[in-house]
Structure formats: C-alpha cells, structure tokens
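Dear colleague,

I am passing on the structure below, followed by some notes on what turned up in it. Please read the notes with the coordinates open beside them.

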Amino acid sequence: MKRIAAGLGALLALAAMHLAVQPAPGADRIVAILTGSAPEGFVEVVFLNASLPRTAMAALVGASLGLAGSLLQQLLRNPLASPTTLGVASGAWLGMTAGTVFAPTLTATHGGLFAFSGALLAGLLVVVIAGPRGMAGLGAVLAGLAVSLLFGALARALVLIEDQRLRDLGIWVAGDLSQSGWGEVHVLLAQVLAVLGLAIVCARPLTLLRLGFEIAAGRGLALAIFAPLVALGALALTASAIAAVGPIAFVGLLAPAITRAVGAVSSRAEVLGATLVGAAALLATDALAISASTWAMQLVPSGAVAPLLGAPALIILLLRRRSVERPWVLAVLPAQRRAPRPVLATLAALLLAAMGITLVVGRAETGWQLADLDDLALAFRWPRVLAAAAGGVALGIAGTILQRLLRNPLASPDVIGVSAGAGLAVVIAVLVLGVGLSAAALPAAAVGAGLVLAALLLADRLGRGDPQMLALTGLALAALLDSLLSVAFAAGGDGVYSLLGWLSGSTHRVEGWMAMRLTLWVLPLMVVAVLLARWIDLLSLGVREAGAVGVRVRLARPVLLALAGTATALVTATIGLAPFVGLVAPHLARLILVGSALTELLASALIGGLMMVVADWIGRVALFPVQLPAGLIAALLGGAYLVALIARGRRSGAA
C-alpha cells in the first residue's frame, strides 16, 4: 500500500508538471476552477476545456495501455507481450483507417468498434501464427511484429489511395493527445475503471495462470471463459485508447516491466502498479512532446516521442530475455536440386520479358492499351521499369549476403532495420535539416544504413548469433522510423505526402538519369559480389570455419556488410523503401535450386528484379488512375510470406 500511495503521489506531481507546460491561469484561479467556479476569459476557458482534459486523457491512455500490457503479460506468461509487440495496436490503426474510408459517419461516432475489430483480428492472427503454446515465447513477439508490418502496410495503402479523405487523420495517426472537451475522457475513464475492477477481482485466477494453463485448469480455473475475458478486456482498452488519441507505442510493454522491477510480486500489485506507471509514463512523455512543440514551434506528437524512448528499452528487454529462453528455430521451405544454368537462363528471360511487357502494356482513360515505340507513355515508363528492375536486383544481392553472412533466414535489409535506418536518415535530412530530397537521398541513406549495420553487428555479438534476436532488434529499430513518420503525418501538406509515397517505395518520381545512375551503380556491385562469392560461401559455414581455411574474417565481414549496406542505400535513395524483397528473393532462390553462394546470388538478384518489376506494374494499373508504390505492393506480398514463414517455423519446431 505504501508503494501504491507513493505512486499516486508521483502521478499527481507529474499531472501538475503536465499542466505547468500548458497555458494556464494563476494558481488561485486554477483552484477556483477546480472547485466549480466558472472560467473567466480565454485562457481559463482553454485551461478548463483543453489543458485539463489533455492531462486527464494522457493519464487515462497511459493507464489503459499499462493495464492492457499487464493483463496480456500475465495471461500469456510473456514479459514481452504488449499491444505494440503483439500487433494489436497496428490492427486497431488499420481498423480505424478502414472505417474512415468505408463508413466515415459510423466511424466518427463509434470509432472504438472499428479499432476493436482490427485489434481482435490482429490478435487472432498472431495466435494462429505462433500457436497457443508459442504465445509465451519470443515467437509470439516475432509473429506480432510481422503482423504489425503487414497491417501497417495495409493502412498506408489506404492512406495513399484515399489521401484527400484521410489527411484529416494525420494528427490522429501521429498519436496526439490534444483535446477539446471532456466527452472522450469520460468514456475512457469508465472503461479503465471497469477493466481495472475486473482485474482486481480476478487477481487469484491471474496468479494461477502464472503456474501455467495446465496447472491452473487442474485447480479448477475455467480457462475457456476466463482467458478470453481477460484478452478481450485488454483488447478493448487498447482499441479505446487508440481510437481516442491514435497509436502510442511501447507504454504497454514498459509499464509492467518497470512495475516488476520496483518489486511488485502479486498479480494485484502488478495490475495496480502497471496502471499507475503507464499513466505516469505517458504524462511525462506528453509533457516532453508539449515542450518540444513549444521549442520547435511545430507540433511534436506524443506518439512520435514514445518510440524514441521505448525502442531502446525493447532491445534491452530482448537481450535479457534471450539469456533465459531456448532459441526458436525458423524452418525454410525445402529446396530443390536442379542444374543452375537452365534455371538462371529462365529467370533472366522472365525478367527481360517482364520488363518488356510492363513497358508496353498499360492502362489509360480509355482502357487497356499497347504503347507504340514512339508513344509518349514509354518516355514516362522506362525509367520506372529500369529503376524497379535495378532496385530489385540490388535488394536480392543484399538479402543473400545478409542471410548467408549472419546465418539467419530472417536477415534482410528491411527486416533487420537497414532499410529503415537509410530511410530515417533521409527523412531527418529533409524534414530537420531542410535539404532537398534529391540532394539528400544518397549520402543520407548511406550514413543511415551504415549506422544501423554497425548497431546490428553489436547486437549480433551480444545476442551470440541468435537469429530471432537479430530480427527482433532490427524490427525494434524500424519502429524509430515510424515515430518520425508520425511527425510528418502531423505536419501535413503535399510535400509530406510525396515523402510518404517515396518511403513506400514509389518509382513514380524516378527520372531517366536517376534510373541510369542506379543501374550503373548496381552492375559493378553485382560484379563485386560475384567476385567475393567464395568469401560468402565460407563465412556461411561459420566465422571459425572460415578463418580456419584462410579467410581474413576481420576484413571479409565488414566488406560484405558494406556491400549489402551500399546496395540498400542506393535503392532507398532512388525509390525509397521496398520491404521484404531482400527477404523473399533469397528464399525463393533456395526453393528453386540448391547451389553455391554464387548461384544463389545470381538467382536471388534476378528474382528480386522480377518481383519489383511486377510489383511496380501492379501498382501502376491495379487501381488506375491511382498509383500505388511498388514497395507497398511488395510489402503486402512479402509480409504475407513472412507470416507464413514464421508459422511454418513454429509448426516445424513443434514437430
């Protein structure tokens, strides 16, 4: 009780600090308003109807997410479970976005229902992928983050398709807590009190769950009723919080962890503590966001600040978790042993044919048409087709190098965060430094990719080569990019939405010289990769084995990582982010044939180019005249593949 009382005191102090950074009247008038006096003047009206509701909403949203995180962690016996890491938050975001597009009037009055539907769909998908028994391990987190990427891509697709209608959602997507009244505060308060009361009453069943589902059922707990009830309570709180203020990441993960770190042992203590810590954490985060907005004279949403604090904490928790859990092995699809030359010749022919077909076949206002050689459409299409092919080749090479070098079937430029680092650096250069996109893209992307590769090498060493650790660390780093994108959404404007299109991997803005530059860079990179194929072959056996046969490991690993990083930076600088191409292309190459690193490099490069060319064409004609970025189409297809890969790995591990 003493700790709860101390927590309440700290919460009140943070609430006072939160009010202090907002416009407010004098102390005597604040007391008068709080005791029922009518506001006098503009400042007091703002204080009563904006500042006070914002403080209350920050505390309630933080409490909701902290309580939801605690319930999920206790239910699943997984300290890494949270609305963010299980994909529930992305599901709620997709539900709200879809509702705004297809039922805007109903969403305006019952947005929580759409958010809850999306959250429930995401949660069920994670359970299907990871399996009920896998929900207690890192496999559930990996499945949740994969679902987050997939649902996030779907939500961004809707934003790009319906950009005019959804621009009003920009501030909401950023996770801004600004309020203009008390209506939503009252609704969320009732829900928090209801679920908190349920959690306190159910403290004993939650304690039994810590012993395991089998033991809890053996002691008389009706799991079929209790487990869904707790899960639905956590999902409802998450959906209501997101519907009210937008996505806020990592609060639900950190609040229970902090509560346990300060000594909470019982289920009831953890529930109460996580609720208080979540409220305090978001009050502090929002106060920081308000101060940053005042200093920068531009809106800095709380949803953008939270990942900057939460992503490093997630990495620390992952490193601690890794030391106590058996590695979770991912199985890849069985490969076929075929003669490499006919296969490579077939892939090259398919790529050239796809480039020719997508160059000529297109849609116009009058329907499908074939472009003539002197048609003006060819002048606009050939840079896109060439850039897509060269970009796919580069990503295929980078993915093969990373998967072989790190001996990790999940290693690819996007999944381990290299593409996100390159994109993040470009966004910072454009939005913060004010440099033009064309001038900033290549050098900034190179610096960002290099820094992330260095960080991942450190994480790889600390995690002792655990594949899931590296993938989860990269996905946590990728969350930092989303935080900055939230700022871009909040800023609004045509420039921001063109930047969003670039980050989605659009070839629409690629000019002829840009496509030629990318091609002329990728060709020598491919030659270098072919010349270093022996290094890749030997290092894929292990560092010690490669060193034993004469490979200079300290030179070879940085050179190959620099090669992969350079390829990624070139693609990011030219067409933006193209998720999953670097992951899927090497897997398909191994599915088609078994061979040396040289064979896999060539096959993966050709498959990557084919994927991007087809994705660019689909994005160009599927919803004509709306142009969908090639990277977004690749993300939808590749995200589905990643989900299937994780599910297959879980089933193989269970078998």
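A hairpin links strand β1 to strand β2 through two residues, where strands are DSSP E runs of at least two residues and helices are H or I runs of at least four, both numbered from the N terminus. β1 (residues 361-364) and β2 (residues 367-370) run antiparallel and are joined by four bridges, pairing being assigned if DSSP finds at least two bridges between two strands. Within this pair, R363 has W368 in β2 as its bridge partner.

The model is a predicted one, so local features need a pLDDT of at least 70 and side-chain atom pairs count only at pLDDT 80 or more, whereas totals for chains, interfaces and linings use all residues. Residues are numbered from 1 along each chain as its sequence is written, and side-chain values use heavy atoms, with hydrogens and water left out.

Taken as a whole, the protein has 28 helices and two strands. Of its 655 residues, 57% count as buried, which means under 20% relative accessible area, with exposed set at over 50% and partly exposed in between (1.4 Å probe, protein chains only). Its accessible surface, from the Shrake-Rupley method with a 1.4 Å probe, comes to about 26,700 Å², and 70% of that belongs to carbon and sulfur atoms. Among contacts (heavy atoms within 4.5 Å) between residues at least 6 apart in sequence, 79% join residues at least 24 apart.

On the α2 side R29, I30, I33 and L34 take part, and they meet E44, F47, L48 and L52 of α3. By class, this contact has six nonpolar, no polar and two charged residues, where Ala, Val, Leu, Ile, Met, Phe, Trp, Tyr, Cys and Pro count as nonpolar, Asp, Glu, Lys and Arg as charged, and the others, Gly among them, as polar.

Two single residues may also be worth a look. R77, in the loop between α3 and α4 (88-102), has a positive phi of about 55 degrees although it is not a glycine, and at 37% relative accessibility R77 is partly exposed. A454 lies in helix α19 (residues 437-462) and is likewise partly exposed, at 45% relative accessible area. The C-alpha atom of A454 is separated by 9.3 Å from that of P558, which is 104 residues away along the chain.
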